[in-house]
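Grab a pencil and let's work through a few exercises together. Have a look at the sequence and the model first.

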Amino acid sequence: MKKYLMILLVGLIVATAAVRADAGFYILGTAGGGGESGSSSYGGEIGAIWPNDEPKYMLGLGASKSTNGSKETATFLLDKVKSDDIEIYGAGGIAVTKGLFVVGTAGATETCEGTVFKGDDASSCASYDDNETSYKFAASGQLRYVYKQLIIGAGYHNRRGIVGGIGIRF
C-alpha cells in the first residue's frame, strides 16, 4: 500500500510542476494484449507536455496490471497461485513533427508465485514468507499523437505486447 501512495505523491508533484513550467497536464488510459505475459492488460498514466504553445517534450509516470493471475488446487488446505503482473514505469518522449511524439517507457513488473490457504485471493501471495516474488524489467516504444486536447498512442511493450492508449490534455 505504501508504494501506491508514493506513486500518487510523485504524480501530484508532476502535476504541480506542469502547472508551474508552462506545461499541459495529461491523463492517459492504456490497454494491451499478448507479449510475454500472454494476457490482456490495462493501466493509466499521468504526466506533462511542454511548452504549452508548441509541445516538444512529454514526461509521465504510469502503472499497469495484466490479467495473467491463476489459482489451482495444491492440497485440501492450500491453493497454488500466481498473482497478476503489476508494472510501475516512467515515460519520456520528444516531438518529431507537430503533434507526433516518439515515446519510450521503462519500469519494473512484480509477480508472485507460491501457495496460499484455500479461500485467500491470489493477490495475497506476497504476504506469505515462503512464496517467491520476482521483478522483471519492462519497456516499450510508442508513437503518440496530440491533437488539441486529445492524445492517441500505440506501440509495442516487451511484456504486454501491442499496447494502445487514449487520453486528454488539460
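**Exercise 1.** Is Y57 buried, partly exposed or exposed?

*Solution.* Before we start, a word on the model: it's predicted, so local features need pLDDT of at least 70 and side-chain atom pairs count only at pLDDT 80 or more, while totals for chains, interfaces and linings use all residues. Residues are numbered from 1 along each chain as its sequence is written, and side-chain values use heavy atoms, with hydrogens and water left out.

Step 1: get the cut-offs. Buried means under 20% relative accessible area, exposed means over 50%, and partly exposed is in between (1.4 Å probe, protein chains only).
Step 2: look up the value. Y57 has a relative accessible area of 38%, so Y57 is partly exposed.

**Exercise 2.** Which kind of aromatic pair do W50 and Y57 form?

*Solution.* Step 1: check the distance. Rings of Phe, Tyr and Trp (its six-membered ring) pair if their centres lie within 6.5 Å. There are three aromatic pairs in the structure, and W50 with Y57 is a pair at 5.7 Å centre to centre.
Step 1: check the angle. Planes under 30 degrees apart count as stacked, over 60 as edge-to-face and the rest as tilted. With 35° between the planes, W50 and Y57 are tilted.

**Exercise 3.** How many bridges join β6 to β3, and how many join β6 to β7?

*Solution.* Step 1: find the strands. Strands are DSSP runs (E, at least two residues), numbered from the N terminus. Here β3 covers residues 57–66 and β6 covers 85–97, while β7 covers 100–117.
Step 1: count. Two strands pair if DSSP finds at least two bridges between them. β3 and β6 are joined by 10 bridges and run antiparallel; β6 and β7 are joined by 11, also antiparallel.
Step 2: pick out some partners. G60 bridges to A91 in β6, and Y89 bridges to G107 in β7.
Step 3: look at the turn. Two residues sit between the strands of the β6 and β7 hairpin, where G99 takes a positive phi near 85°.

**Exercise 4.** What does the side chain of H157 make a polar contact with?

*Solution.* Step 1: locate H157. This residue is in strand β9 (residues 150–157) and is buried, at 4% relative accessibility.
Step 1: apply the rule. A polar contact is a pair of N or O atoms within 3.5 Å; within protein, one must be able to donate a hydrogen and the other to accept it, and residues adjacent in sequence count only if both atoms are side-chain atoms.
Step 2: name the partner. The H157 side chain contacts the side chain of E87, at 3.1 Å.
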